[in-house]
Amino acid sequence: MTDSKYFTTTKKGEIFELKSELNSDKKEKKKEAVKKVIASMTVGKDVSALFPDVVNCMQTDNLELKKLVYLYLMNYAKSQPDMAIMAVNTFVKDCEDSNPLIRALAVRTMGCIRVDKITEYLCEPLRKCLKDEDPYVRKTAAVCVAKLYDISSSMVEDQGFLDQLKDLLSDSNPMVVANAVAALSEINEASVSGQPLVEMNAPTINKLLTALNECTEWGQVFILDALSNYSPKDAREAHSICERITPRLAHANAAVVLSAVKVLMKLMEMVSEDTELVNTLSRKLAPPLVTLLSAEPEVQYVALRNINLVVQKRPDILKHEMKVFFVKYNDPIYVKLEKLDIMIRLASQANIAQVLGELKEYATEVDVDFVRKAVRAIGRCAIKVEPSAERCVSTLLELIQTKVNYVVQEAIVVIKDIFRKYPNKYESIISTLCENLDTLDEPEARASMVWIVGEYAERIDNADELLDSFLEGFHDENAQVQLQLLTAVVKLFLKRPADTQELVQHVLSLATQDSDNPDLR
């Protein structure tokens with residue numbers, strides 16, 4: 001039987017009909033009526049007029065019906081606080097029910113009803129449920145403390161709930177421990193003092209590590225995140241925590257793997273003297289990170305963002321894994337751009353030939369953004385791996401010969417950086433660059449070209465003519481181009497004072513009298 005029939009619109013007098021059905025003596029009829037009410041509520045109809053009738057249905061031992069009534073209560077308690085008080089007694093009674101599912105449900109719902117008057121009644125039942133003999137109730141109560149803290153932090157502190165939460169960290173049930181950790185870290189984030197509420201010490205950490213092996217994957221994430229804020233007192237303790245966390249790297253859930261990586265990266269700082277351990281950990285960190293790259297694109301992206309940070313701190317971990325960061329043709333653009341970034345970070349003399357081959361292919365792709373990034377990447381490789389600079393420059397020249405406008409512009413921008421890093425090495429290519437002067441329409445590329453002309457004015461016979469051609473539309477140029485023009489013309493004047501006096505006077509008057517840009521003036 002499907003539930004879609006509850007969503008079909010009924011005629012006039014709908015509320016009246018539902019009212020009589022809710023007060024029916026037949027259990028089945030009651031349940032049907034409550035389902036209809038919830039359906040109307042879900043599609044945005046106002047059924048708050050039925051509040052007292054729905055609340056009357058709470059007194060039932062049918063779990064399904066109870067859940068539906070509680071759902072209704074959560075929705076309307078805020079707009080009908082005085083009515084909601086009617087439900088308090090049933091809540092308090094349900095918190096003592098013999099069925100643990102009902103006890104947990106009552107506490108969970110009370111935590112979701114954000115009405116101050118009700119919150120006062122919550123304390124006693126919550127205190128009992130935090131000590132309940134059933135772990136399911138205890139773990140629900142732990143989360144409820146965090147919700148209560150959000151509503152009234154002073155109450156949680158005055159009523160001693162924080163100490164009860166701390167006691168739950170040494171609970172015998174791993175799920176209770178995980179929820180207590182989650183609740184405490186949520187409270188920590190919200191706390192105004194900024195001081196951690198729980199001082200992590202060795203015995204607590206030990207309990208968390210014991211629970212780690214047995215709780216659900218999200219519980220493991222909470223515990224690992226808590227461990228990452230702990231600073232071991234010495235290298236020996238750090239070593240033993242590392243040993244107990246390393247198995248998490250083999251977990252199927254990406255969140256667990258990344259949380260474990262985070263803790264291990266932090267602990268590696270502590271044991272940096274023990275090079276053998278650091279090397280072992282580095283070897284163990286690579287495979288799980290690489291495995292994450294075969295997941296779906298969204299997970300890949302998160303993994304790549306994290307790998308990017310790992311590589312900045314410890315490039316050795318992934319230095320032999322360059323191949324997995326090569327871009328696949330069907331990768332979404334956001335994955336491609338991240339992979340490119342990591343490729344540049346991992347580029348070294350050993351793999352530069354491979355990397356350049358890849359980058360050159362990327363520069364002929366169809367996606368404009370990606371192509372620009374790839375061309376820039378070639379320039380960054382030249383600056384990072386000095387012996388490869390020559391190959392990079394010749395690759396860039398080949399790309400300029402393709403005459404694809406945006407490729408040419410990006411290439412000129414990076415060549416300017418290469419000239420600055422390696423002066424007087426590659427100037428033979430300037431004539432090729434000057435041939436493309438007319439096609440440049442982006443400010444950054446124009447500014448780079450003007451810089452090149454000014455910097456190497458003594459090698460370019462017609463430098464004055466080239467710069468003069470830029471001055472014709474001086475006022476329409478972008479500010480960065482105007483600034484470069486001013487500098488370039490002055491450089492030219494210092495190198496060839498005899499025949500460029502007019503030019504320099506012209507640019508100075510343009511930059512002072514005719515311009516209102518303060519930087520330029």
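This note walks through the predicted model in numbered points, from overall form to single residues.

1. **Ground rules.** This is a predicted model, in which local features need pLDDT of at least 70 and side-chain atom pairs count only at pLDDT 80 or more, while totals for chains, interfaces and linings use all residues. Residues are numbered from 1 along each chain as its sequence is written, and side-chain values use heavy atoms, with hydrogens and water left out.

2. **Overall form.** The protein chain has 27 helices and 0 strands. Both are DSSP runs, numbered from the N terminus: helices are H or I with at least four residues, strands are E with at least two. The C-alpha atoms fill a box of roughly 105 × 65 × 45 Å along the principal axes. The radius of gyration is 34 Å, whereas a compact globule of 521 residues would be near 24 Å. That radius is taken over C-alpha atoms, and the globule rule is 2.2 Å times the number of residues to the power 0.38.

3. Buried residues make up 50% of the 521 residues. Buried means under 20% relative accessible area, exposed means over 50%, and partly exposed lies in between (1.4 Å probe, protein chains only). Now take contacts, meaning heavy atoms within 4.5 Å. Among those between residues at least 6 apart in sequence, 66% join residues at least 24 apart.

4. **The core.** A nonpolar core is a set of buried Ala, Val, Leu, Ile, Met, Phe, Trp, Tyr and Cys residues joined through side-chain atoms within 4.5 Å. The largest one has 187 residues. Tyr72, Leu126, Ile245 and Phe419 have the most contacts inside it. Helix α15 gives the most to this core, with 11 residues.

5. **Helix α14.** Which residues of α14 are buried? They are Glu237, Ala238, Ile241, Cys242 and Ile245, in a helix that spans residues 235-245. Seen down the axis of α14, they fall within an arc of 140 degrees, so they line one face of the helix. The arc is that of the directions from the helix axis to the C-beta atoms. An α-helix has 3.6 residues a turn, so residues three or four places apart point the same way. On the other side of α14, Arg236 and Glu243 are exposed. The cover over the buried residues of α14 includes α12 (202-212), α13 (217-228), α15 (254-270) and α16 (275-292).

6. **Helix α12.** The buried residues in α12 are Thr204, Ile205, Leu208, Leu209, Ala211 and Leu212. Down the axis of α12 they fall within an arc of 160 degrees, so they line one face of the helix. They pack against α11 (174-190), α13 and α14.

7. **Aromatic pairs.** Rings of Phe, Tyr and Trp (its six-membered ring) pair if their centres lie within 6.5 Å; planes under 30 degrees apart count as stacked, over 60 as edge-to-face and the rest as tilted. The count comes to 8 aromatic pairs. Phe419 and Tyr456 have ring centres 5.3 Å apart and planes at 75 degrees, so the pair is edge-to-face. It links distant parts of the chain: Phe419 is in α22 (residues 405-421), and Tyr456 is in the loop between α24 (443-455) and α25 (463-471), 37 residues away. Trp451 and Tyr456 also form an edge-to-face pair, 6.4 Å centre to centre with 90 degrees between the planes. Elsewhere, ring pairs link Phe51, Tyr72 and Tyr76 into a cluster.

8. **Around Phe419.** Phe419 is buried. Trp451 is buried at 11% relative accessible area, and Tyr456 at 5%. Leaving aside neighbours within four places in sequence, Phe419 contacts Tyr426, Glu427, Ile429, Ile430, Leu433, Trp451, Ile452 and Tyr456.

9. **Charges over rings.** A charge sits over a ring if NZ of Lys or CZ of Arg is within 6 Å of the ring centre and within 35 degrees of the ring normal. The charged end of Lys336 sits over the ring of Phe370, 5.1 Å from its centre.

10. **Lys403.** Is Lys403 buried or partly exposed? Lys403 is partly exposed, at 49% relative accessible area. Its place is in the loop between α21 (389-401) and α22. Lys403 has a positive phi of about 60 degrees, although it is not a glycine. Most residues other than glycine have a negative phi.

11. **Gln300.** Gln300 is in helix α17. This residue is buried, with a relative accessible area of 8%. Beyond residues up to four places away in sequence, Gln300 touches Leu292, Leu293, Ala295, Asp331, Val335 and Lys339.
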